[in-house]
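Reader: I am new to this structure. Please take one part and walk me through it closely.

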Amino acid sequence: MLLKLAVFLRSTTTMGEVDPAFIQDPQHRPKLSIIQAQGIPIIDLSPITNHTVSDPSSIEVLVKEIGSACKEWGFFQVINHGVPLTLRQNIEKASRLFFAQSLEKKKKVSRDEMSPSGYYDTEHTKNVRDWKEVFDFQVKDPTLIPVTADENDDRVTHWTNQLPQYPPHFRVIIQEYIQEMEKLCFKLLELIALSLGLEAKRFEEFFIEDQTSFIRLNHYPPCPYPHLALGVGHHKDPGALTILAQDEVAGLEVRREGDQEWIRVKPTPDAYIINIGDAIQVWSNDAYESVNHRVVVNSEKERFSIPFFFFPAHDTEVKPLDELINEQNPSKFRPYKWGKFLVHRLGSNFKKQNEANIQIYHYKIA
């Protein structure tokens, strides 16, 4: 493990100096003092996961809790979520085993611009390189996606998964876990829909056929420059939901609109951290807001996390739902095609761009 980390550091530093590609602009550099999050709600999902008890009043309370968390934070943690602990332990172990390999072995399943599933360590967030390495795996294999972000280009292509030879049974482990993530996402979407006054299954049509969801294994090696670099720069997630499993090493920070400081999210054992993404913000017509977050690095400890990104089908038109707009509350966004939006966003993963990547504010109606 130490040898592997040394190789990673040698590849990113020169003569004891951090590679400039990793250095955040001064206003985005992390402070080494920590403000711990106290307000991010911990929500008990047992009213919908405990099938021996069916209490409508407890579900009503749960819907209100979800709505309040989405409106006030955009983030919440869930317990009693129904995901078997053994599946989480299996994928966490597989992640550690995969990243413990030599760089040469990991690069045998490297992603590229034509096939974005697999291993890479060169992702850029907000045009600054992240201090991390990842492995991505698509939920649908193959995943149908536009060839380009050009609105006039109707061509589509297929993204396919790569499988490392090690650890053993990797496909089975990751697919079993993905099935549980999908179940949890659909449950959460029902609660969010109900909290908005919609039919419970209102969001299902965007995912039931061809979704573009994927799971990511993250490894953040110890960083000797925690005051200059970030594991992931500040950003908002573009999709519907993100379900995050993280280890005991804290690193996730959130900052809502109007907050002056970044707030660290303390890991809760066996819980999942949920955040709503840009698609929910648009569908809800700004009733719920996707919130800025980032990942700080640790100078002494490595960190592992596993986010599941729940993304709609590529041909989904993302726009405020008809039920949530009227004369008093007109549509706040122009429609956009999800697949085109996603392909545009992925273009910045490999190299620094000359301009900021596309965001939902580009579709905001003034």
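**A helix, its crossing partner and a sheet**

Author: An open sheet of four strands runs in the order 12-17-14-15, and its pairing is antiparallel. Its edges are strand 12 (232-235) and strand 15 (263-264), each of which pairs on one side only. The model is a predicted one. Take the pairing of strand 14 with strand 17 next. Strand 14 covers residues 252-255, and strand 17 covers residues 292-295. The two run antiparallel and are joined by four bridges.

Now turn to helix 6. Helix 6 spans residues 170-195, which is 26 residues. From first C-alpha to last, helix 6 reaches 37 Å. That is close to the 38 Å expected at 1.5 Å a residue. After helix 6 comes Gly197, with a positive phi near 80°.

Helix 6 also meets another helix. Two packed helices are described by the angle between their axes and the distance between the axes. Helix 3 (residues 56-72) and helix 6 have axes that come within 8 Å and cross at roughly 85°. An angle of 65 to 115 degrees counts as roughly perpendicular, so helix 3 is roughly perpendicular to helix 6. Which residues make the contact? Helix 3 brings Leu62, Val63, Ile66, Gly67 and Cys70. Helix 6 brings Leu188, Leu191, Ile192, Leu194 and Ser195. The residues of this contact divide into eight nonpolar, two polar and no charged.

Key
Residues are numbered from 1 along each chain as its sequence is written. This is a predicted model: local features need pLDDT of at least 70, side-chain atom pairs count only at pLDDT 80 or more; totals for chains, interfaces and linings use all residues. Side-chain values use heavy atoms; hydrogens and water are left out. The expected span of a helix is 1.5 Å times one less than its number of residues. Two strands pair if DSSP finds at least two bridges between them. Axes are lines fitted to C-alpha atoms, for helices over the stretch in contact, and angles run from 0 to 180 degrees between N-to-C directions. Angles under 35 degrees count as roughly parallel, over 145 as roughly antiparallel, 65 to 115 as roughly perpendicular and the rest as oblique. Contact means heavy atoms within 4.5 Å. Ala, Val, Leu, Ile, Met, Phe, Trp, Tyr, Cys and Pro count as nonpolar, Asp, Glu, Lys and Arg as charged, and the others, Gly among them, as polar.
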